[in-house]
Amino acid sequence: MNRTGFFLSFAAFLISGGLFAVMAYRVVANLHDARAGAIGRGSQSAADPEYQRLPPDGQSDWMDGFTLTERSGREVQWKELAGKVRVVSFFFSSCPANCLQQNLKIREIQQAYAGKDLVCVSITCDPDIDSPERLREYASKLNAPHDQWLFLTGRLIYIRRVASELFGVALDKQTHTERLIVCDKWGNIRGMFLWNKLDEMAQLRLLVDKLLVETEPPANSSS
């Protein structure tokens with residue numbers, strides 16, 4: 001090959017390489033735009049990180065209550081629920097199976113005691129995802145009434161303490177007990193029941209019936 005032919009071949013190689021680079025860039029850019037579009041098809045509401053602010057009682061030596069953020073955006077304290085029987089549970093909204101089935105069971109309980117002094121308290125164990133906005137969407141699909149079913153979020157390190165110190169159960173990100181925790185009108189734990197066991201759900205109903213008519217705390221209570 002003479003020198004002129006060599007330079008012509010080399011120039012053609014450079015041009016073809018440049019065209020390939022441009023095409024590759026366009027393919028990558030299109031894939032990026034497609035992924036961004038797919039992600040953007042979810043909720044359009046902007047998440048407010050304020051719900052993950054550590055509340056003042058997060059510094060206490062040992063918890064005897066909590067302050068968490070409800071789906072409405074308002075702060076809820078455990079002591080506000082005094083005078084109501086409470087059915088406490090842990091969950092996370094992106095769980096496609098067990099958590100949904102658990103919350104459908106809780107909905108049965110809530111509906112059975114509609115208008116009674118009972119409140120269901122569902123606390124997320126994935127607060128990075130479960131903002132108040134996300135919990136509003138989730139709760140609306142369950143037709144959960146605001147006055148009798150709370151969906152709470154906060155900061156994971158704080159919620160771990162709530163689970164351990166207040167309710168005596170282990171919790172981590174997307175990891176939680178499947179037991180429903182029943183507390184009396186004074187906040188004392190009176191029973192824990194597996195939501196997926198029919199006999200235990202029957203026992204839960206019997207206990208709730210008993211607690212609803214109580215007018216004084218149990219004798220061994222510190223309340």
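# Notebook: a look around a predicted model

**Entry 1, helix H3.** I started just after H3, where Asn 143 takes a positive phi of about 55°. My helices (H or I, at least four residues) and strands (E, at least two) are DSSP runs, numbered from the N terminus. Before going on, I noted that this is a predicted model, where local features need pLDDT of at least 70, side-chain atom pairs count only at pLDDT 80 or more, and totals for chains, interfaces and linings use all residues. I also noted that residues are numbered from 1 along each chain as its sequence is written, and that side-chain values use heavy atoms, with hydrogens and water left out.

Which residues of H3 are buried? I found Pro 132, Glu 133, Leu 135, Tyr 138 and Ala 139. Buried means under 20% relative accessible area, exposed over 50%, and partly exposed in between (1.4 Å probe, protein chains only). I then looked up what these buried residues pack against, and the list is strand E1 (67–70), strand E3 (85–91), helix H2 (98–112) and strand E5 (149–153). Contact here means heavy atoms within 4.5 Å.

Next I looked up the largest nonpolar core, which has 53 residues. Such a core is a set of buried Ala, Val, Leu, Ile, Met, Phe, Trp, Tyr and Cys residues joined through side-chain atoms within 4.5 Å. Those with the most contacts inside this core are Phe 66, Phe 90, Ile 123, Phe 151, Phe 167 and Val 182. H4 gives the largest share of this core, 7 residues.

My rule asks for a side-chain nitrogen of Lys or Arg within 4 Å of a carboxyl oxygen of Asp or Glu. How many salt bridges does this rule give? The count is 13.

I checked Lys 173 with Asp 128, which meet at 3.7 Å, N to O. Lys 173 sits in the loop between helix H4 (156–167) and strand E6 (179–183) and Asp 128 in the loop between strand E4 (118–124) and helix H3 (132–141), so this pair ties together parts 45 residues apart in sequence. Lys 173 is partly exposed, at 41% relative accessibility.

My next pair was Arg 160 and Asp 172, with closest N and O atoms 3.0 Å apart. Arg 160 is in helix H4 and Asp 172 in the loop between H4 and E6, 12 residues apart. Both partners are partly exposed: Arg 160 at 33% and Asp 172 at 36%.

Then came Asp 184 and Arg 190, at 2.8 Å. Asp 184 is buried, at 0%, whereas Arg 190 is partly exposed, at 24%. I also found a network in which salt bridges with shared partners join Glu 50, Arg 53 and Glu 75.

Last, I searched the whole structure and found 1 cavity of 30 Å³ or more. A cavity is a set of points, on a 1 Å grid over the protein atoms alone, where a 1.4 Å probe fits but cannot get out; lining residues have an atom within 4 Å of a point. The largest cavity holds about 70 Å³ of space, a volume being the space filled by probe spheres set on the points. Its lining includes Glu 50, Arg 53 and Glu 75, and E1 gives the largest share, 3 residues.

Methods. On a 1 Å grid over the protein atoms alone, a cavity is a set of points where a 1.4 Å probe fits but cannot get out, and a pocket is an open set with protein on both sides within 12 Å along at least five of seven lines; lining residues have an atom within 4 Å of a point.
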